[in-house]
Amino acid sequence: MADSEEVSVSNDSEPLLSVRHLRKSYGDHEVLKDVSFDVKRGQVLVLLGPSGSGKSTLIRCLNGLETIQGGEIWFKGQKIANNSEKTWRKLRAEIGMVFQSYDLFPNLTVAKNIELGPTKVQKRPKAEVAKQMDQLLADVQLTEYKNSYPRELSGGQKQRIAVVRALAMNPELMLFDEVTASLDPEMVREVLELMLRLAKRHMTMIVVTHEMEFARRVADTVMFLENGVILERQPGDEFFTNPKTDRARNFLESMA
Ligand code: ADP
Ligand code: MG
């Protein structure tokens, strides 16, 4: 995960990601309304909110998968030109994303799935990528599945490979959108534990989850979204013990 060739002049007190007055609409329907927040390096931001509040849309905006109608997104001190596909194509290597549905290429082996981005997009040497892949696979205890196809893996194994595939790009920020939501209960834990390990190693992450115990453990900061508006943003322990708004309190009660 170390990113040793990085020689940027960014200083550590500057946020890794800054979102300012972000607006996103589908037609007349404004889904994100003036959303502003920062994420510092090493921080884990948990994004909570009822279904339809705009969590997935926000995550997608942060990976350039949505055009936005207003506001600014800053990454590593640089403003990302609005809706610039060229910029986002470059940044997608640095901002890893894992979704709810397994998005592994079904016709490629686990190894090929992992190597594709680093070798084809980042054009890194095959041997170096192979070495990193072996370490990552060992880390998630899936070495023996290297030459398997996604269909030969359980849901939990597929999601761990999806995480490994994103990590193989050496991202500086990881976005997770309900990555355990379609897993059988017995497989949820192995994926959550992997994310907890990443957090411990100071990976910067934005996490959308319905797993409240996990959210409590992993969150440095919780942001509570409703109808596209940030209603609360506070340290994790404070949010879970003493939410400021009735909305958030009701939400927590409904999840208990
Ligand atoms: P969440 O992830 O919090 O459940 P979403 O970001 O998926 O919420 O959705 C927020 C709102 O945006 C919902 O009202 C949803 O219906 C709407 N929405 C999401 N994606 C689209 C789309 N592609 N086209 C139109 N409306 C959408
Ligand atoms: Mg969603």
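Two strands are said to pair if DSSP finds at least two bridges between them. The structure I present today is a predicted model.

Let me begin with one pair of strands. Strand E6 and strand E7, the latter at residues 173-177, pair in the parallel sense over 4 bridges. Gly 96 stands opposite Met 174 in E7, and the bridge partner of Ile 95 in E7 is Leu 173. For those new to the subject, strands of a sheet pair through backbone hydrogen bonds, either parallel or antiparallel.

This pair belongs to an open sheet of 6 strands, and the order across it is E6-E7-E8-E3-E9-E10, with mixed pairing. Which strands stand at the edges? They are E6, at residues 95-98, and E10, at residues 229-235; each has a single partner strand, so one side of each is left without a neighbour in the sheet. From one strand to the next, the twist averages 15°.

Two helices that pack on this sheet deserve mention. Helix H5, residues 155-167, touches E6 and E7, and its direction makes about 170° with that of E6. Helix H9, residues 246-255, touches E3, E9 and E10, and makes about 75° with the direction of E10.

I return now to E6. Although E6 is an edge strand with a single partner, both of its faces are covered: Ile 95 and Met 97 on one side, and Gly 96 and Val 98 on the other, are all buried. Let us take Gly 96, which is found in this strand, as an example. Why does Gly 96 count as buried? The cut-off is 20 or more other C-beta atoms within 10 Å. Gly 96 has 24 C-beta neighbours inside 10 Å, and therefore counts as buried. Leaving aside neighbours within four places in sequence, Gly 96 is in contact with Ala 166, Leu 167, Met 169, Pro 171, Met 174 and Leu 175.

Ile 73 lies in strand E4, residues 70-75. Ile 73 and Asn 147 are 74 residues apart along the chain, and their C-alpha atoms are separated by 39 Å. Ile 73 is itself buried, because it has 21 C-beta neighbours inside 10 Å. Beyond four places in sequence, Ile 73 touches Val 19, Leu 22, Leu 62 and Ile 80.

Next, strand E3. How many of the residues of E3 are buried? The count is 5 of the 5, so E3 is largely enclosed by the rest of the structure. Val 44, Val 46 and Leu 48 cover one face, while Leu 45 and Leu 47 lie on the other.

In soluble globular proteins, nonpolar side chains tend to be buried together. The largest nonpolar core in this model has 69 residues, and those with the most contacts inside it are Val 46, Leu 47 and Val 207. This core draws at least three residues from each of domain 1 and domain 2. Val 207, not counting residues up to four places away in sequence, touches Val 44, Val 46, Leu 47, Phe 176, Met 195 and Val 218.

Finally, the domains. The assignment gives domain 1 as residues 13-75 with 171-253, and domain 2 as residues 106-169. Their C-alpha centres lie 26 Å apart, and the contact takes 10 residues from domain 1 and 10 residues from domain 2. On the side of domain 1 that touches domain 2, the largest share, 4 residues, comes from helix H6, residues 185-200.

I close with the database record. UniProt, in an unreviewed entry, places the feature "domain: ABC transporter" at residues 17-252. Over residues 17-252, the chain is 38% helix and 26% strand, and the end C-alpha atoms are 27 Å apart. Thank you for your attention.

Methods
Residues are numbered from 1 along each chain as its sequence is written. Chains are lettered from A and ligands numbered from 1 in the order in which they are written. This is a predicted model: local features need pLDDT of at least 70, side-chain atom pairs count only at pLDDT 80 or more; totals for chains, interfaces and linings use all residues. Axes are lines fitted to C-alpha atoms, for helices over the stretch in contact, and angles run from 0 to 180 degrees between N-to-C directions. Two residues are in contact if their C-beta atoms, placed from the backbone, lie within 7 Å. UniProt positions are given in the numbering used here, feature names are shortened, and annotations may be inferred rather than shown by experiment. A nonpolar core is a set of buried Ala, Val, Leu, Ile, Met, Phe, Trp, Tyr and Cys residues joined through C-beta atoms within 7 Å. A residue is buried if 20 or more other C-beta atoms lie within 10 Å of its own, exposed if 12 or fewer, and partly exposed in between; C-beta atoms are placed from the backbone. Domain bounds come from an automatic or database domain assignment.
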